[in-house]
Amino acid sequence: MANRVHEFRDPIHGFIKLDSEERELVNSRPFQRLRHIHQLALSYLVYPGATHRRFEHSLGVMDVSSRIYDVVTDPENIYHDSVRQLVPRRGSDYQWSYWRRVLRMAALCHDMGHLPFSHAAEAALLPAGVRHEHLSREIILSAEMQPVFEELKIRPADVAKLAVGPKYYDGKFSDWESILYEMIGGNVFGSDRIDYLLRDSYHSGVAYGRFDHNRLIETMRILPREDQETKEPELGITRGGLQAAESLLWARYFIYTQLYFHPVRRIYDIHLKEFLQEWLEGGRFSTRLEDHLRMTDNEVLAGIHATAADPQLKGHPAASRITQRQHFRVLYESNPNDQTLNLSSVDLVYEAAKKEFGEEALRRDRYSSEAASEDFPVRLRDGNIASSLTMSSTFSDGQGPRFQVDSVFVAPDGKEKAKIWLGENKAKILGEAVNN
Amino acid sequence: MERFENASLIVALTEKLREHQSWAGETHLQKATYVLKRVLGVPIEFEFILYKHGPFSFDLRDEIGWMRSTRLLEWEVRSNFYGPSLRSGQLSPTLKRQFPVMPGRYSRQVDFVAQRFGGKNVAALERLTTAIYVTLDENTPSQDRARYINELKPHVSIPEADAALVEADALIQAANEQFPRAMTA
């Protein structure tokens with residue numbers, strides 16, 4: 001096959017390029033399935049533009065990953081012998097091209113295991129202990145993908161390792177593999193996070209999600225954490241990239257609070273979970289690869305519409321709430337004042353409201369974002385390495401952006417009555433708990 | 001509620017580490033929690049694997065993130081260069097009042113680990129807890145352990161690994177004496 005360069009036009013990154021062998025992976029059935037998995041579940045019911053899919057996100061992650069790789073492995077950007085020993089030499093070393101290709105393909109594959117509508121209530125819809133990362137790993141290692149990786153001349157196990165990371169890959173990571181995984185899934189500025197923030201912001205219209213990712217990428221470096229008196233390397237930045245990194249962390253805060261944790265988006269996730277638990281055989285998605293690959297948002301949406309139209313079908317109430325916008329409304333959210341009285345304030349309000357209005361009229365939502373650290377190594381102009389928290393005037397008070405969801409929803413027809421009830425009884429509910 | 005009980009134990013451990021002059025950064029807390037669970041048998045549900053600076057738990061990392069977002073823990077920047085420390089957050093008094101059981105039940109174990117980890121920096125903790133990990137979690141034959149640590153962490157030399165193993169064996173023995181039957185299989 002002639003190995004030529006192919007291009008995808010992308011609204012975030014311009015042209016995303018890949019060669020003919022890499023395009024075979026894009027053409028594979030597991031990757032094409034991502035054309036039918038919404039990146040942000042039912043968020044388009046709140047933000048109409050948020051209809052983008054995992055397909056283009058995965059292409060974006062591949063593009064950003066290789067840009068990071070090229071910057072951090074450039075000999076001009078390596079300052080320490082311990083890092084020099086770790087990184088394959090660009091140009092002369094076959095390992096350099098090998099790992100570049102593995103990284104790009106791992107970035108493409110990292111979301112292949114996603115269930116329909118992405119993250120929505122994954123824990124409740126898969127067998128205990130199984131996450132979409134396990135399915136991604138299984139797909140990468142499957143017989144179906146074997147010929148693609150043979151053509152690419154890379155080991156599927158290496159791709160799986162970098163795609164799902166140490167938490168979900170059963171095996172040890174060398175320092176080099178850890179750094180490569182950080183380029184994709186790192187909890188400060190991995191390519192996955194860079195792409196989803198920019199892309200979700202663009203499509204939803206929540207403009208706070210933007211930041212200067214080009215500057216950030218150009219300043220990334222592999223740095224030993226001398227600030228912690230260890231030589232173990234991490235992905236960090238030079239001093240000049242600090243503001244770009246700060247803006248990413250703030251963008252993350254804004255996009256979580258404005259978009260991912262939007263209460264209507266959250267309650268639609270809950271209604272979707274309720275529908276799926278009724279509609280799916282056994283109340284869960286099958287983890288058989290063939291079943292997984294056949295199931296996309298299209299099948300689920302068809303199920304929602306058919307079920308909403310027929311009151312006799314299981315899952316009808318939840319399906320109708322989605323199609324007729326009869327979602328539950330926020331009754332109560334956690335807040336620092338009430339939590340100072342009682343950390344379990346949301347549980348207490350939920351339990352008291354259940355007694356008053358019945359369990360069917362209420363929903364409980366609790367969700368924390370995946371951890372993000374504002375602490376990463378920064379190389380100063382004099383060559384020393386410091387923690388970002390000591391260098392950043394935005395985060396130097398140690399607090400940084402923080403956010404979580406902890407709330408109680410009530411059925412729309414009971415909202416007014418429940419609000420009045422809560423206003424009259426909240427002090428008693430929380431006060432009684434304190435006295436207990 | 002169980003989550004708050006665990007959180008209460010983590011706050012107690014953080015405070016005790018600081019009492020013993022630990023820098024109490026996230027890595028210090030990770031390694032101390034690992035020893036609390038693996039060597040001293042405290043029932044904390046976090047899974048540890050060998051990753052950043054030795055045994056590392058993604059679940060604990062997420063839990064520390066959640067505890068910061070609920071104001072149970074917070075960062076403190078104490079130096080112009082060195083990474084941040086953790087300290088009790090604004091809502092920790094409420095936590096201690098409402099969830100005193102775990103810290104009370106395991107206070108001796110918390111003291112044990114805080115006393116031994118108090119004066120250690122990240123590099124020393126990385127060596128010591130990696131030595132414990134290869135000994136207890138991987139059952140590496142005694143004579144191969146130093147070489148294996150050096151393979152896993154090339155920046156730890158074999159003499160450094162040897163010294164860490166001596167310390168790890170002593171710590172495990174002291175734990176066995178003070179807390180018999182504590183260690184999980």
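This is a predicted model: local features need pLDDT of at least 70, side-chain atom pairs count only at pLDDT 80 or more; totals for chains, interfaces and linings use all residues.
With 3 residues between them, E1(A) and E2(A) make a hairpin. To find your way across the pair, look for A:Arg9, which sits opposite A:Phe15 in E2(A).

A:Phe15 turns up again when you look at A:Asp63. Leaving out residues up to four places away in sequence, A:Asp63 touches A:His13, A:Phe15 and A:Ile16. A:Asp63 itself belongs to helix H3 (residues 54-72) of chain A. Is A:Asp63 buried or exposed? It counts as buried, because its relative accessibility is 11%, and the cut-off for buried is under 20%. If you want a sense of distance, A:Asp63 and A:Arg252 are 189 residues apart along the chain, and their C-alpha atoms are separated by 20 Å.

Next, have a look at strand E4 (residues 233-238) of chain A. This strand is largely enclosed by the rest of the structure, because 6 of its 6 residues are buried.

E4(A) pairs with strand E3 (residues 220-224) of chain A through 5 bridges, and these two run antiparallel. Here A:Ile222 stands across from A:Leu235 in E4(A). E4(A) also pairs with strand E7 (residues 377-379) of chain A, this time in the parallel sense and over 2 bridges. In that pairing, A:Ile237 faces A:Val378 in E7(A).

## The nonpolar cores

How many residues make up the largest nonpolar core? There are 153, and the ones with the most contacts inside the core are A:Leu25, A:Phe149, A:Phe189, A:Ile194, A:Leu216 and B:Ile132. Another core lies apart from that one, with 22 residues, including A:Phe117, A:Leu126, A:Leu276 and A:Phe285.

Setting aside neighbours within four places in sequence, B:Ile132 is in contact with B:Tyr34, B:Val35, B:Val39, B:Asp137, B:Ala168, B:Leu171 and B:Ile172.

## A covered helix in chain B

Helix H6 (residues 107-117) of chain B has these buried residues: B:Gln109, B:Val110, B:Phe112, B:Val113, B:Ala114 and B:Phe117. What covers them? Among the elements doing so are helix H1 (2-19), helix H2 (26-38), helix H5 (101-105), helix H7 (122-136) and helix H9 (158-178) of chain B.

## Empty space inside

Now for the gaps. Rolling a probe the size of a water molecule over the atoms shows where empty space is left. The structure holds 6 cavities of 30 Å³ or more, and the largest cavity has a volume of about 390 Å³.

Which residues lie nearest the centre of the largest cavity? Out of 27 lining residues, they are A:Arg225, A:Glu234, A:Asp375, B:Thr27 and B:Lys52. The elements giving two or more residues to this lining are E4 of chain A and H2 of chain B. H2(B) provides the largest share, 5 residues. By class, the lining has 9 nonpolar, 10 polar and 8 charged residues.

## The second largest pocket

Of its 21 lining residues, A:Ser334, A:Phe403, A:Gln404, A:Val405 and A:Asp406 are the closest to the centre.

Two or more lining residues come from each of helix H13 (242-260), helix H14 (263-279), strand E5 (329-333), helix H18 (336-341) and strand E9 (404-410) of chain A. E9(A) gives the largest share of this pocket's lining, with 5 residues. Sorted by class, the lining of the second largest pocket has 8 nonpolar, 8 polar and 5 charged residues.

## Positive phi in two loops

Finally, a couple of backbone details. A:Ala41 is not a glycine, yet it has a positive phi of about 50°. You'll find A:Ala41 in the loop between helix H2 (29-33) and H3 of chain A. It counts as buried because its relative accessibility is 3%.

Over in chain B, B:His53 also has a positive phi in a residue other than glycine, near 55°. B:His53 lies in the loop between strand E1 (49-51) and strand E2 (54-56) of chain B. With a relative accessible area of 3%, B:His53 is buried.

Conventions: Residues are numbered from 1 along each chain as its sequence is written. Chains are lettered from A and ligands numbered from 1 in the order in which they are written. Side-chain values use heavy atoms; hydrogens and water are left out. A nonpolar core is a set of buried Ala, Val, Leu, Ile, Met, Phe, Trp, Tyr and Cys residues joined through side-chain atoms within 4.5 Å. Buried means under 20% relative accessible area, exposed over 50%, partly exposed in between (1.4 Å probe, protein chains only). Contact means heavy atoms within 4.5 Å. Helices (H or I, at least four residues) and strands (E, at least two) are DSSP runs, numbered from the N terminus. On a 1 Å grid over the protein atoms alone, a cavity is a set of points where a 1.4 Å probe fits but cannot get out, and a pocket is an open set with protein on both sides within 12 Å along at least five of seven lines; lining residues have an atom within 4 Å of a point. Ala, Val, Leu, Ile, Met, Phe, Trp, Tyr, Cys and Pro count as nonpolar, Asp, Glu, Lys and Arg as charged, and the others, Gly among them, as polar. Two strands pair if DSSP finds at least two bridges between them. Grid points are joined across faces, edges and corners, and a volume is the space filled by probe spheres set on the points.
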